[in-house]
Amino acid sequence: MSGTVAGLLQVALLFLALGLVYRPLGDYMARVYSDTRHNRVERAVYRLVRVDPDSEQRWSTYAFGVLGFSFAGIALLYLLQRIQSILPFDFGRGDVQPGMAFNTATSFVTNTNWQSYVPETVMGHTVQLVGLTVQNFVSAATGLAVALALVRGFVRARTDRLGNFWVDLTRGTVRILLPVAFLFAILLIVTGVVMSFKSGVDVDGSTVATAPVASQEAIKELGTNGGGVLNANSAHPFENPSGWSNLVEIFLIAVIPVCLTRSFGTLVGNRKQGYVLLGVMGTLWTAMLAVIWVAEAHGLRPLEGKELRFGIPSTALFADATTGTSTGAVNAMHDSFTGLGGGGALLNMLFGEMTPGGVGTGLYSILVMAVIAMFLAGLMVGRTPEYLGKKLGRREVTCAAISILAMPAVVLIGAGITAVLPGTPGALNNPGAHGLSEILYAFASASNNNGSAFAGITVASDWFQASLGVCMLLGRFVPIVAALCLAGALAEQRKVPVTAGTLPTTGPLFASLLGGSVVLVAALTFVPALALGPIAEALQ
Amino acid sequence: MKNLLKQTGAGLRVLLVLTVIIGVLYPTAVWAVSRLPGLRANAEAVDTTLVAVPRDGDRWFQPRPSAATLPASGGSNKSEVNADYDTVVAERRAAVAQREGVSPDRVPQDAVTASASGLDPHISDAYAQLQVPRVARANGLSENAVRALVAEHTEGRGLGILGDPGVNVTALNRVLDAAR
């Protein structure tokens, strides 16, 4: 069988697997967040931390909960890295330097998992498990919580309550992420992923680093986190040993963002509302897969930075999955991709991580984009726009605009300043247009909380550690606070009845409008920058 | 501001409790299951053939070039428009051609490009066949015998569709070790 046919069949198998779990997992997640009871573990947690699980929060308190929890997470993760030398399983790797520790703490708490460190020489097993793995879970659960709060904004009427962040956070962690991650961690060990507390293993006279990989690998993909336990990430045979494990990991990356559209449709009482979002996400995602696949198949050095066991199709599929979902795990070095292939991965992030986007983040991002799309449609026909029975007035559209524009502003300002700094050329690994792409990719990745890299760029300097850290924070929390403010405004409204003048949001017209808005916003903001980087390289 | 401080306090408490569940109990549980007889060898990478490291000498099949600094992993991150790296690739091509006694245009691509992990255990069938005469000579084996070993250690696609086929260098070299 030719590689292309095998690759296409693999994509079909992935779609089939996602299709099989779409209804049960989507409906299960909807039930988890609408359940009025608390299970025993959850009740114990609430009692220990002294929060009342049955008191609901206004949008501002919910937002303070997200921010407070995240700041606490950054502080604790920073501290753990700074005292690593006294923790077990550090193998003499010592305390992590302050700039790197700050960057890593913000990176994992914001679900970015940008890595300015080489795990095998910097990070011991304790920090990996007690620090990084924990944030892999809770940063994903935070994204889910914010998505659910926004959905409640559409569903509820005449209330200022959006739910309880601590309950949503705990449920997402305990009822969704933990059981799935546990099952798949075991499955990954079956495929050959390692789970060792040793520091290394002898291979024909050389030492190759090992780690407790499997437990982190499962949640790294499932939570669309992406931070590699080992430097080569999912290209490392200990993290991703075969074509089998590769497909399992791609499935894990996609499963929650995809199935969450079902949960959304279920919760708003019209499943078609979810299908249309999935249709838009899937169409753009598949288009980018085609771009990356074809580009990589026609490269000058197609195997540079790729693993032979994956080849072109399985590499392109992983690259599209990881950049379309804000995961950032890689099974190949994107820096060695062709101009067009690397540009495709970059554009996938610049769509704002909503095709299908990260766990929870993808759903709230595309809902915010839907508000923008309906606002544009309203301008065209001269009517007050509505979406899901809620009027989109000044406050709603302002919140949505801030949420959408935060990322492009941060990417372009960050990359622009960096490009003119005197120290920057020395940090680049490749000359010419590709060098600019390395800068652009870094800031796009950080600001979209993706975490993948054109990894040749050296980001150890204080400037990169600090500026990318700030980009991760702004790219994460400005859209979250704006989305929660939007949710608060929506929840306070009464429902407006559907009339003959209501634009239906379940058909191809809305789908085109929404997909068009995603592409248009990205194109209007990024075409000049892309022209100087990947497009210039592709034309060489 | 007071509300934010209050929420941060609650956040810290929630985080500490969740850390016990997902930062300690969860990995411990996964580790415990990984001690089961069928899984332990995978978990501890016992006699692993998942990674390849270069071995000096004509007796061994050589893996792909590596940009990794052991014990860490990693790729070159060189783009395809990079004149300096073109030179490196050309030098590798010449070196492989000389080692195997063939003309440079017969050297396949995987022999001159660095893998993503720097530990890629596989080489293409073309690169394996190129090395057969040298390896056979150095081990005192017939070329046919070595070719049979190559065929035996060629790994296909999972389910016939997952990933790409390749020859596992580490497994192949272990057999050569044992044959001595």
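Author: Helices here are DSSP runs of H or I with at least four residues, and strands are E runs of at least two. Keep in mind that this is a predicted model.

Reader: With that in hand, how many helices and strands does chain A have?

Author: Chain A comes to 18 helices and 4 strands. Its radius of gyration is 22 Å, close to the 24 Å from the globule rule for 540 residues, so chain A is as compact as a globular protein of that length. Along the principal axes, its C-alpha trace spans about 75 × 60 × 50 Å.

Reader: What share of the residues in chain A is buried?

Author: Buried residues account for 64% of the 540 in chain A. You can look at the contacts too: of those in chain A between residues at least 6 apart in sequence, 78% link residues at least 24 apart.

Reader: OK, on to chain B. Which domains is it divided into?

Author: Chain B has domain 1 at 2-43 and domain 2 at 83-179. Taken over C-alpha atoms, the centres of these two domains of chain B are 43 Å apart.

Reader: And how do I read the interface?

Author: In general, interface size is often quoted as the accessible area lost when the parts come together. Here, let's go by residues: chain B puts in 70 and chain A 96. On the chain B side, α1 (2-33), α2 (37-43), β1 (122-123) and α6 (169-179) each supply at least two residues.

Reader: Which of them gives the most to that side of chain B?

Author: α1(B), with 22 residues. By type, the chain B side that touches chain A splits into 32 nonpolar, 29 polar and 9 charged residues.

Technical notes
Residues are numbered from 1 along each chain as its sequence is written. Chains are lettered from A and ligands numbered from 1 in the order in which they are written. This is a predicted model: local features need pLDDT of at least 70, side-chain atom pairs count only at pLDDT 80 or more; totals for chains, interfaces and linings use all residues. Domain bounds come from an automatic or database domain assignment. The radius of gyration is taken over C-alpha atoms; the globule rule is 2.2 Å times the number of residues to the power 0.38. A residue is buried if 20 or more other C-beta atoms lie within 10 Å of its own, exposed if 12 or fewer, and partly exposed in between; C-beta atoms are placed from the backbone. Two residues are in contact if their C-beta atoms, placed from the backbone, lie within 7 Å. Ala, Val, Leu, Ile, Met, Phe, Trp, Tyr, Cys and Pro count as nonpolar, Asp, Glu, Lys and Arg as charged, and the others, Gly among them, as polar.
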